[in-house]
Amino acid sequence: MTRMHRTAIAVALLLAPAALAAQGAGIEDRLQARGLPAALAHRVAAVAADATARGVPDGPLADKAIEGWAKQVPPDRIVAAVQRFADQMASARDAVLSAGVPSPTGPVIAAAAEAMRSGMRPEQVRSVVQAAGQGAIAAPGLSVAAALQAQGLGSDQAVKIVVGAMHSHRSMSELLDLPSVAHMMHDQGMSPGDIEHRILDGEGGGGGDQGSGHTGEHDRPPTVPPGTRHDHDGHF
């Protein structure tokens with residue numbers, strides 16, 4: 001190793017803590033700009049810094065803290081929820097990596113964490129991500145599966161519906177409509193098994209634009225019935 005290489009490595013090691021500190025300061029600034037007290041912002045930034053070292057994106061953690069503050073959740077509960085979410089995203093990241101995605105994005109990891117929190121197993125997350133391929137449909141697909149579970153379908157049924165929709169090249173709009181379709185069928189008195197079969201047979205929209213290519217309604221959230229989210233296990 002040359003002296004130049006040794007010097008470069010030494011400089012990198014000296015700069016690494018400063019870079020992490022700057023990253024943490026950036027999160028603190030963002031949180032304080034959204035109204036969080038300095039002490040709370042500092043605690044959340046510390047959790048985010050630890051999570052980042054584990055390969056977890058810090059953006060969703062900051063969003064979680066902002067959500068809690070907006071809902072007037074006590075600071076200790078906000079920090080606890082952010083820590084749980086960080087741990088869940090670490091597990092979710094492992095599940096997404098196992099699907100063959102070398103560098104999963106923050107939205108995909110966060111969606112996988114939410115799905116696993118709703119009861120989806122790592123291998124089910126892997127199935128959804130693999131069915132999505134390289135398209136931008138993985139994160140909304142995981143969110144739709146979680147929403148279907150919230151409406152009373154089992155995790156196996158929810159994953160089968162979402163994977164089936166992806167394999168039949170449903171459009172993004174049709175995919176995001178699946179929770180609303182399932183909710184309507186439930187209101188009509190159908191059992192979860194009937195809902196699964198009807199949707200897989202083409203109810204609620206048939207094939208169309210390839211799901212991974214049509215992203216016009218990517219931001220439209222799936223329907224989740226009121227009262228299905230709780231303030232434990234990371235939710236506020």
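Gln-134 is placed in the loop between H6 and helix H7 (138-150), where helices are DSSP runs of H or I with at least four residues, strands are DSSP runs of E with at least two, and both are numbered from the N terminus. At 81% relative accessibility, Gln-134 counts as exposed; the term exposed applies over 50% relative accessible area, buried under 20%, and partly exposed in between, with a 1.4 Å probe and protein chains only. The C-alpha atoms of Gln-134 and Val-101 are separated by 8.6 Å, although the two residues are 33 residues apart along the chain.

The model is predicted, so that local features need pLDDT of at least 70 and side-chain atom pairs count only at pLDDT 80 or more, while totals for chains, interfaces and linings use all residues. Residues are numbered from 1 along each chain as its sequence is written, and side-chain values use heavy atoms, with hydrogens and water left out.

The secondary structure of the protein chain comprises 10 helices and 0 strands. Read from the N terminus, its elements follow the order α-α-α-α-α-α-α-α-α-α. Of the 236 residues in the protein chain, 42% are buried. The chain exposes about 11,600 Å², of which carbon and sulfur atoms supply 56%; accessible areas come from the Shrake-Rupley method with a 1.4 Å probe, and for residues only the protein chains shown count as cover. Among contacts between residues at least 6 apart in sequence, 75% join residues at least 24 apart, a contact being heavy atoms within 4.5 Å.

One helix pair may be considered in detail. Two packed helices are described by the angle between their axes and the distance between the axes. Helix H2 (residues 38-53) packs with helix H4 (residues 75-97) at an angle of about 10 degrees, and their axes are 10 Å apart. The axes are lines fitted to C-alpha atoms, for helices over the stretch in contact, and angles run from 0 to 180 degrees between N-to-C directions. This makes H2 roughly parallel to H4; angles under 35 degrees count as roughly parallel, over 145 as roughly antiparallel, 65 to 115 as roughly perpendicular and the rest as oblique. From H2, the contact is made by Leu-40, Arg-43, Val-44, Val-47 and Ala-51. From H4, it is made by Pro-75, Asp-76, Ile-78, Val-79, Val-82, Gln-83 and Ala-86. By class, the contact of H2 with H4 has 9 nonpolar, 1 polar and 2 charged residues, where Ala, Val, Leu, Ile, Met, Phe, Trp, Tyr, Cys and Pro count as nonpolar, Asp, Glu, Lys and Arg as charged, and the others, Gly among them, as polar.

Attention now turns to the charged side chains. The structure holds 10 salt bridges, each defined as a side-chain nitrogen of Lys or Arg within 4 Å of a carboxyl oxygen of Asp or Glu. Asp-50, Arg-54 and Asp-87 are linked in a network of such bridges. Within helix H5 (residues 106-117) lie both Glu-114 and Arg-117, 3 residues apart, about one turn of the helix. Their side chains meet in a salt bridge at 2.8 Å, N to O. Glu-114 is partly exposed, with a relative accessible area of 21%, whereas Arg-117 counts as buried at 13% relative accessibility.

Arg-121 takes part in a salt bridge with Glu-123 (2.7 Å, N to O) and in a salt bridge with Asp-156 (3.2 Å, N to O). Because Arg-121 lies in the loop between H5 and helix H6 (122-132) and Asp-156 in helix H8 (residues 155-167), the latter pair ties together parts that are 35 residues apart in sequence. Arg-121 is partly exposed, with a relative accessible area of 35%, and Glu-123 counts as partly exposed at 35% relative accessibility.

Helix H6 also contains Arg-126, which counts as partly exposed at 27% relative accessibility. Not counting residues up to four places away in sequence, Arg-126 touches Ala-95, Ser-98 and Ala-99. Arg-126 and Leu-142 are 16 residues apart in sequence and 9.9 Å apart in space, C-alpha to C-alpha.

Two loop residues concern backbone geometry. Most residues other than glycine have a negative phi, and most peptide bonds are trans. Gln-72, although not a glycine, has a positive phi of about 60 degrees. Gln-72 is placed in the loop between helix H3 (59-70) and H4 and counts as exposed at 72% relative accessibility. His-169 is not a glycine and has a positive phi of about 60 degrees. His-169 is found in the loop between H8 and helix H9 (172-187), and at 40% relative accessibility it counts as partly exposed.
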